[in-house]
Each structure stands twice: as structure tokens, then as C-alpha cells.
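The sequence and the model are shown first.

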Amino acid sequence: MKVYIETYGCSANFADSEIMAGLLKKADHEITDNFKKADLILINSCYVKDQTETKIKKRLEFFKKINKKLVVAGCFPEANKREVEKIVPSASLIGPRKIEKIVEVVEKTFSGKKVVVLGKGEKSKPLLPKIKFNPIIDIVEINEGCLGNCTFCVTKFARGELYSYPIGTITREIENALKEGCREVWITSQDTGAYGFDSGRDLAELLKKVAVINGRFFVRVGMMNPSNAIRILDQLIDAYKNEKIFKFLHLPAQSGSDKILRLMKRGNNTEQFKEIVHKFREEFPELTLSTDIIVGFPGETKEDFEKTISLINEIKPDIVNISRYGARPGTEAAKMKQIVDRVKKDRSRELTKLVKKIGLEKNKKLIGWSGEILIDEKGKQESWIGRNFAYKPIVVKTNKNLLGKIIKVKIVDAKPTYLIGEVYH
């Protein structure tokens with residue numbers, strides 16, 4: 001049959017969709033990018049934010065109206081089965097830890113049965129068949145779940161406790177992807193910094209094993225929480241010294257106030273966050289730092305927010321993912337006294353303005369830089385997007401197909417979130 005897949009959320013969710021597509025193709029089903037031509041719709045959902053939940057609900061309503069067979073996968077049905085069934089009672093459900101059962105679920109759904117496959121699973125995702133959305137990028141999930149108990153997070157309900165996949169399985173997955181033409185590897189999970197703490201290994205050890213794989217390729221390490229990164233800080237920095245590892249660090253601060261971090265149950269304070277950043281920058285001065293901030297968390301006073309502004313001014317991150325706090329069902333933070341939307345909007349606007357200013361200032365300093373970049377994405381109109389050693393996005397205008405090529409460029413202009421380069425000989 002023809003299956004249409006729609007994916008929401010993080011890179012781990014996209015990796016899950018690639019695997020489900022691969023398993024379906026292996027079972028002789030066709031993956032189509034046109035839902036009108038599909039026999040069955042597979043929605044791989046996210047549940048982390050209320051805005052995303054609202055968007056997915058609208059899509060479910062839409063697919064229900066056009067009377068297509070429907071499977072809802074991902075974090076939403078795992079974390080809140082009842083809510084999904086309210087909208088699409090006849091849809092089959094499959095959780096993120098059970099994706100190896102997707103063929104059975106799809107085939108039974110197509111024959112008119114409703115199937116619910118949720119809960120714990122311990123099958124390694126690396127080495128499962130996959131269809132890559134981008135032929136030169138291999139998204140590799142290294143663990144399921146995490147060690148945290150953040151009071152705002154619903155992902156733990158869906159992905160569960162930490163379960164790390166074996167290093168050998170991960171490295172074989174990457175070796176296979178490189179043989180198929182991949183040039184970039186995304187190491188991803190709910191928290192890459194937690195990798196191996198359940199099995200006596202750690203992320204630094206994994207990165208060192210990945211870096212010695214033959215071939216010219218680059219590794220982007222996904223989000224790691226400060227509470228875990230600090231436990232292996234020196235080993236992590238040592239692993240990052242390999243030229244195959246992008247000098248890119250995604251380290252969520254979430255707030256500049258220790259009081260708020262305690263209410264969030266983040267397991268670290270701002271000084272520890274700053275220590276990780278400073279030590280990384282000592283070793284890699286041109287590091288690209290990405291962080292996450294939640295504004296308007298319950299209990300956040302004007303003084304707490306000013307501490308966040310002060311932290312951002314001090315560390316000057318290259319990328320800041322700003323989220324206005326939205327209460328998620330079943331979490332501790334949802335029971336706390338909430339901050340009014342107007343205040344959250346004002347704080348979000350103020351922080352966004354500062355982040356754009358810092359981004360532009362930092363990027364302008366890179367005008368004149370020249371060096372190699374890996375083209376890993378198609379841009380708008382006649383352009384391509386490449387990444388340098390620090391994973392900086394660089395837009396190059398050309399009508400030639402450059403995907404997967406390593407080219408030399410010179411930076412000629414800067415925007416708050418990307419650079420503009422010209423091919424340089």
C-alpha cells in the first residue's frame with residue numbers, strides 16, 4: 001500500500017520516521033509524499049509544547065474528515081492516549097519505543113483493525129532499515145529516555161527512563177551510512193549527555209569510537225543537559241578535539257536564575273552551566289553555542305528574568321531557542337501558579353530582540369573568513385546551505401547541485417542567524 005508520513009518535533013522523531021519508512025519499504029509498501037494518493041496516513045507526533053499539540057490536533061481532525069486510514073505514532077499517544085482517541089477514536093497508536101512493530105500496525109490498520117502498541121521497548125534502533133529524508137545526513141539515536149525529572153517536561157512520559165544503545169551497534173550504523181554516501185552524522189537523543197550512564201559507558205567514549213571510523217565525514221552532537229555534561233566535561237572536551245566533530249555545543253540554560261532552575265528540577269545551577277561554556281571556549285574559541293530558554297516559568301519574577309537577560313549578555317550564545325512556558329498536562333509545573341500570557345509575551349519579545357542583536361554582532365565578525373564547508377541542505381530558490389567546522393550555516397547562491405560537496409567559501413555578509421558566502425578558489 002501507499003503510506004504518507006508526516007513528522008513533528010525533534011531530530012530523534014525524524015530518525016524514528018526514517019526507520020518506520022525503511023521498515024515499511026522493506027515490507028514492500030510504498031512511501032509517498034502526497035497524502036491524497038496515500039492508502040494510509042502515518043502521523044509521527046510530538047507532545048513537548050502546547051502549540052505543537054494544537055497543530056497536530058488540527059491535522060488529525062483534517063485527516064479524519066477525508067476518511068483515510070490513520071496511524072498516530074510518537075510522543076503524543078504515548079504521553080496522552082486518551083486525548084488522541086478523543087479526536088480520532090478509530091486510529092491505531094504506536095509509541096516511540098515500539099517503532100519496530102510499525103509494519104504489523106500499518107497492515108492491521110489497513111485491514112480495518114485498531115491496534116494500540118505503547119509502552120516500554122528495548123530494541124536497538126541503530127541498524128534498523130531506514131529511508132533518509134536527506135541522503136547525506138544520517139540521524140542516529142544513541143539512547144532512549146533520560147535521567148532527568150524536569151517539572152515542565154512531558155517527554156519523559158513518552159520516552160521513559162534512560163536506555164542506551166551499544167557502542168558497537170551505533171558505530172556499525174554509521175559505517176553503513178557512510179558506505180551509502182552520507183557525509184554528516186547527527187548524534188541525537190532526548191539528552192545525549194546522559195548516554196551510557198546506565199551501562200558504564202559515556203558520550204565522550206562513544207564520540208572517540210565514532211571519530212576513528214574511516215572516511216571524511218562530520219559529526220553534530222545533539223542537545224546535552226548541563227547536569228550530565230559536567231560529569232564528563234574533561235573527557236568530552238578531549239573527544240571534541242577530533243576534527244570530525246563539529247565545534248557545536250547545544251547546552252540548554254533554560255533560565256539564568258538558580259531559584260527557577262530549582263523549581264524546574266534541572267539538577268544544575270548557572271555557575272555550572274557557565275563553567276561548561278567557559279571550558280569549551282577556552283579550548284575552542286570559535287565554538288558555536290546553542291542554548292534554550294523558557295520564559296515565564298511559574299514563579300519567575302522580573303528579577304529572575306533580568307538574571308536570564310544578564311546570563312545571555314554574558315555568555316553571548318550564537319543560537320537561542322526561546323519558548324514561552326506553557327503548562328503541560330500531568331507535569332509538576334502545571335500545578336504551580338501560572339504567569340499571565342501578556343508578561344510571557346513581553347519577556348519573549350525582549351529576549352528575542354537581544355538574541356538577534358548578539359547574533360548579528362557575532363556573525364559580522366566572521367565576514368572575511370574563508371575555509372571549507374560541507375553543503376548539507378538545499379536553500380531557497382537557487383541557493384545551498386553549508387556548514388563550516390563550527391556548524392555555522394553559510395548560504396551559497398548557485399544553480400549547480402552541490403549537495404554533499406565540500407567547497408571553499410569566503411564570508412561576504414552576515415545576518416543574525418546565518419552567513420552569506422561566495423565560492424572561493
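Y325 has a relative accessibility of 6% in this predicted model, and because the limit for a buried residue is under 20%, Y325 counts as buried. F297 is buried as well, with a relative accessible area of 0%. The ring centres of F297 and Y325 are 5.2 Å apart and their planes meet at 70 degrees, so this pair is edge-to-face. F297 is placed in the loop between β13 (288-295) and α13 (302-315), and Y325 in the loop between β14 (319-324) and α14 (341-364), so the contact ties together parts 28 residues apart in sequence.

The model contains 17 aromatic pairs. Another of these is formed by F35 and F63, whose ring centres lie 5.5 Å apart with planes at 80 degrees, so the pair is edge-to-face. F35 belongs to the loop between β2 (30-32) and β3 (40-45), while F63 sits in helix α2 (residues 50-65); the two are 28 residues apart, and their pairing links distant parts of the chain. F35 is buried at a relative accessible area of 18%, and F63 is buried at 0% relative accessibility. Both residues belong to an aromatic cluster made up of Y4, F35, F62 and F63.

| Charged residue | Ring | Distance from ring centre |
|---|---|---|
| R220 | W186 | 3.9 Å |
| R231 | F197 | 3.9 Å |

In each row, the arginine lies over the face of the ring: R220 over W186, and R231 over F197.

The next topic is the sheet. Six strands make up an open sheet with parallel pairing, in the order β2-β1-β3-β4-β5-β6. Its edges are β2 and β6 (116-117), each of which pairs on one side only. Within the sheet, strand β4 (residues 69-74) pairs with strand β5 (residues 92-94) in the parallel sense, over three bridges. A73 has I94 of β5 as its bridge partner.

Helix α1 (residues 11-26) lies across β1 (2-7), β2, β3 and β4, and runs at about 155 degrees to β3. Helix α2 packs on the sheet too, touching β1, β3 and β4, with its direction at about 170 degrees to that of β3. Helix α2 is also the element that holds F63, one of the residues of the aromatic cluster.

Note on methods. Residues are numbered from 1 along each chain as its sequence is written. This is a predicted model: local features need pLDDT of at least 70, side-chain atom pairs count only at pLDDT 80 or more; totals for chains, interfaces and linings use all residues. Side-chain values use heavy atoms; hydrogens and water are left out. Rings of Phe, Tyr and Trp (its six-membered ring) pair if their centres lie within 6.5 Å; planes under 30 degrees apart count as stacked, over 60 as edge-to-face and the rest as tilted. Helices (H or I, at least four residues) and strands (E, at least two) are DSSP runs, numbered from the N terminus. Buried means under 20% relative accessible area, exposed over 50%, partly exposed in between (1.4 Å probe, protein chains only). A charge sits over a ring if NZ of Lys or CZ of Arg is within 6 Å of the ring centre and within 35 degrees of the ring normal. Two strands pair if DSSP finds at least two bridges between them. Contact means heavy atoms within 4.5 Å. Axes are lines fitted to C-alpha atoms, for helices over the stretch in contact, and angles run from 0 to 180 degrees between N-to-C directions.
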